[in-house]
Amino acid sequence: MALLEVEDLSIGYRTRLGLHRAVEGVSFSLEEGKSLGFVGESGCGKTTVGMSLMGLLPRNGEVLRGRVLFEGRDILSISEEELRLLRWKKISMIFQAAMNALNPVKKVADQISEAILAHSSSVSKAEASRQVEGLFQLVGVPKERMRDYPHQYSGGMKQRAVIAMALACKPRLIIADEPTTALDVIVQAQILEETRLLQEQLGISIIFISHDISIVADVCHDIGIMYAGELVEYGSREEVFDSPAHPYTRALLSSFPTLTGNREMLKPIPGEPPNLVDPPKGCRFRERCQEASHECSLISPAWTELFPRHKVRCIRFERKKGPQ
Amino acid sequence: MKGDKEIRHRPHWFEQFLEGWSVFWQNPLGKIGVTLLGIFALMAFSSFIPPLVNPMYHPMTGVDPEIYSSVGPSARHWLGTDFMGRDIFSQLLAGARIAFMVGVSAAFMSIFLGTAFGMIAGYMGGFVDTLLMRLADVIMVLPTLLVVLILASLFGQLNIWTIVLIIALFRWPGVSRVIRSQALTLKQRPFIEAARVAGASHIRIIFRHIMPNVLPLAFLYMTFRVTAAIIIEAALAFLGFGDPGTVSWGMMLQWVWKTGHMFKALYWLLPPGICISLITLSFYMIGRAMDEVLDPRLRREETAR
Amino acid sequence: MKEETGTSFLSFDGVSKFYLSRGRMLGGSGRQVVALNRLTLDIRKGEIFGLVGESGSGKTTAGRLIVRLEEADRGIISVEGQDVTHLKGKRLKDFRKRVQMIFQDPYQSLNPQLSVLDTVSEPLLIHRVGDRLSRAEMVMNALQSVGLSPPGDFVHRFPHQMSGGQRQRVAIARAMVLRPDFVVADEPTSMLDASISAQIFNILLEMQKSLGITLLFITHSLAAARYLCDRIAVIYRGNLMELGPADDVIQRSRHPYTRALIDALPKFGQCGETERFNTFLKAERESSSTVGCAFFGRCSIANRILCSQEVPPFKTVSPGRRVACFFAEEQGKNLTASKTCHYGI
Ligand SMILES: Nc1ncnc2c1ncn2[C@@H]1O[C@H](COP(=O)(O)OP(=O)(O)OP(=O)(O)O)[C@@H](O)[C@H]1O
Ligand SMILES: Nc1ncnc2c1ncn2[C@@H]1O[C@H](COP(=O)(O)OP(=O)(O)OP(=O)(O)O)[C@@H](O)[C@H]1O
Ligand SMILES: [Mg+2]
Ligand SMILES: [Mg+2]
């Protein structure tokens, strides 16, 4: 059985303008030791999905529908107390921009050992600091920098410290929300490499969230493309990159340049994502879609399975596959 | 708010105000404070009515021809009269007007000075900053009331606007410190640098870019300053240094005391006393509630990423 | 140094900038940071010049020196032969009409209290260009040209009513509305989605073509630099490492640091045969900040004696192509990436 199974998850935020449907009918599953990447542009609901798996939605956020089975238990229906036990020990998260949220007046190592002590009562202080040392080694921060304060760290080191903190209680699943945004390419490459190694060595499952599809290309086994709160394409890395099906996925892939050959103009996606307080009928991408037809505004596309590990929500494929 | 089909073209500060107001109104302190203040405002507005009904209800000059000493409440004088037969109720109403006048104008002036000096000190830095802040320190450690008392005893009776001016002059340093620290952080923000690259002068940056961003905070401080100004004016009047040509609550208390009615005529002593306490309390509560609105932890993160 | 063609528009001549870092938490003596170390380069009229390097390499500092948010401590910056390093007063204001900047973070670089109209017309107001009506028209045109159309929908919006990409376009419109000769674009897309980045890049390209603006494009991604730039300079900790035409620098890189930057780019597509250069040491080795090559501490091909003692000269390896590495000529391997391998920006 899969470690994590999400079925038909829908989440809304209550705002002054009405219910903001940030996530709509998202389903996926994640096997033990595998990694899954969520890609989509800003505001498509990636963080919201991650937060709901942690049971940490903001006060005005609400799960409208769906089930989240972690180790076979529905974590949406368990008590706050049980959830607290699960959080950090079983599922942990690297929050978006977390490196700027380190406590500036506490030594980094102390912050991590506090996290350990807070979640496992049996661990002694000395044991905790030994564990912290191991964690620093794991994420590649020199031991002599352990006693420094966050502001003495570079951006990359802070991000590593945050990763160490997420690893502190040896979770089975880590949700990494844009862990490399705002880092330069070199540090980003190092962090990605480390993430991959950690995953392979420790067998941790990872959900990797990013707006940049080129970043998940190397790290993730499976990739889910999100648009305006919905998953529109889902499949193995090879399938999605080699034969992208959804027009949105293809558009995403075409906004990256090459280093050799002619300099071809990049073709960005025109327009802006729709308003989710009053989402459009039919396909949500149709207004920006180069291949949209009249039908797209009528029917909300259903999943079409292209291969056993590749499915897409676009009516062009429904038609091809459907009964003649 | 992106992707919002119907975007209302309201200035940002107005949006902020609306949003702040809804937070404010959910706060019980804010609600009580505003309600109390509303009652006092109503009193101030209706202070014009009694003299129109009958000249004997004029708070200063109106004397009941049939009464020669202080008497208790009656149908004719709801709260009784003072030692020369003037109506206490209409004096109370007039006192509300003076309290607002003194409080708001002194607060406004001190906020104006404090904001201007604070912005200039914070933005310019260096010598200007040091100079202004030392000046602020010196003024801040002077006890306002004592200085006003000394001035009053030197120059005799002060008129109400002089009192307002003095309060304002002594009360800007606190505000300017807060505004200065705001200006210091704003100065580092890239949009100020963008204005510099565009060629904006210092004056332009201060008034166009820094000021709109510190005004909400300045207005928060104004509510606290109103309280302070009202109390100072009341104290001055009670000690006999008030403007003899106006009827303020402090003045009423002074009359009670001077004519020896202190513990004999509670109907005369209590109303102004209670009013002073309540109006300062209401401004204080409003200030606390506004504090919460402006508290960065409660403000919604503006950046979307 | 006249092997380069094209007329120089802006030049750095031995420009250095030092900062005093505030030291450790409490007290502690301030340490001097060399943000730029004797930078010498020319930017030609009408080109897009890329300044590439990792975080902290001094890219922003170079940009800020040009637009005079900061003043150089040493050396000369000149524009069309005129020394602008220490301009003051009226002449500085006139200079600012010609040189503009686009900042990294559109969530920070727009005043939250000003509408789009106020923001974009501000430079016009400051320099007293046109009357009310013609200013409004210029703002509309500027908005149109950055793809905010119809402009009427946007002029009365406030920053919080727009997405990051839209905000950055407003910032570009503000920089372009005076029709400057030169614009510094400091990582204009690092805070934006990858898909929005391409839009912003295309707008910059379009601007450069239609208005003939010279652009300094600052980025840490060589892929983005290759897409936009005619020529590229790679800097590391304030030192110029490699300079030349974009394609040449990327496809036939000679400096190990440039190669490390290429290795680090995330990629997808048919990249199977792409070889890595592996010129970057995982663990930094002991090195001096004053003697020897600046990159010595991280260089896997360094000669321990030579590179740690002597600063490599910035030598010309082919016309218009210069590298600061003793082993530049020996770096034979060229980039083998396929034409269908796409790189992150
Ligand atoms: N607390 C909230 N209240 C109301 N709306 C919210 C709240 N948090 C997020 N939203 C909205 O929900 C949508 C999804 O937000 P989310 O943060 O999940 O996006 P994201 O995909 O993580 O984007 P980004 O790449 O910018 O982080 C957005 O349109 C956002 O404006
Ligand atoms: N105001 C300052 N005070 C002290 N040090 C500074 C200041 N500004 C920059 N520095 C230092 O100068 C060096 C170069 O900084 P700069 O901002 O130019 O780098 P950058 O290449 O733009 O990096 P990034 O990609 O992170 O923007 C860094 O080491 C930085 O810490
Ligand atoms: Mg997010
Ligand atoms: Mg920078």
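A residue is called buried when its relative accessible area is under 20%, exposed when over 50%, and partly exposed in between, using a 1.4 Å probe and the protein chains only. This is a predicted model, in which local features need pLDDT of at least 70 and side-chain atom pairs count only at pLDDT 80 or more, while totals for chains, interfaces and linings use all residues. Residues are numbered from 1 along each chain as its sequence is written, chains are lettered from A and ligands numbered from 1 in the order in which they are written, and side-chain values use heavy atoms, with hydrogens and water left out.

Start with ligand 1, which lies between chains A and B. There are 17 residues around ligand 1, and among those that come nearest are Thr47(A) and Gln96(A); a residue is near if one of its heavy atoms lies within 4 Å. By class, this shell holds five nonpolar, nine polar and three charged residues.

Thr47(A) also has a side-chain N or O atom 2.5 Å from an oxygen atom of ligand 1. The backbone takes part as well: a polar backbone atom of Gly45(A) is 3.0 Å from an oxygen atom of ligand 1, and one of Cys44(A) is 3.3 Å from such an atom.

Now turn to the magnesium ion, ligand 3. Its protein donors (N, O and S atoms within 2.8 Å of the metal, or 3.2 Å for Na, K and Ca; water is not among the atoms, so sites may look incomplete) are Thr47(A), through OG1, and Gln96(A), through OE1, at 1.9 to 2.3 Å. Thr47(A) is partly exposed because its relative accessible area is 25%, and Gln96(A) is partly exposed at 30%.

Note on methods: A polar contact is a pair of N or O atoms within 3.5 Å; within protein, one must be able to donate a hydrogen and the other to accept it, and residues adjacent in sequence count only if both atoms are side-chain atoms. Ala, Val, Leu, Ile, Met, Phe, Trp, Tyr, Cys and Pro count as nonpolar, Asp, Glu, Lys and Arg as charged, and the others, Gly among them, as polar.
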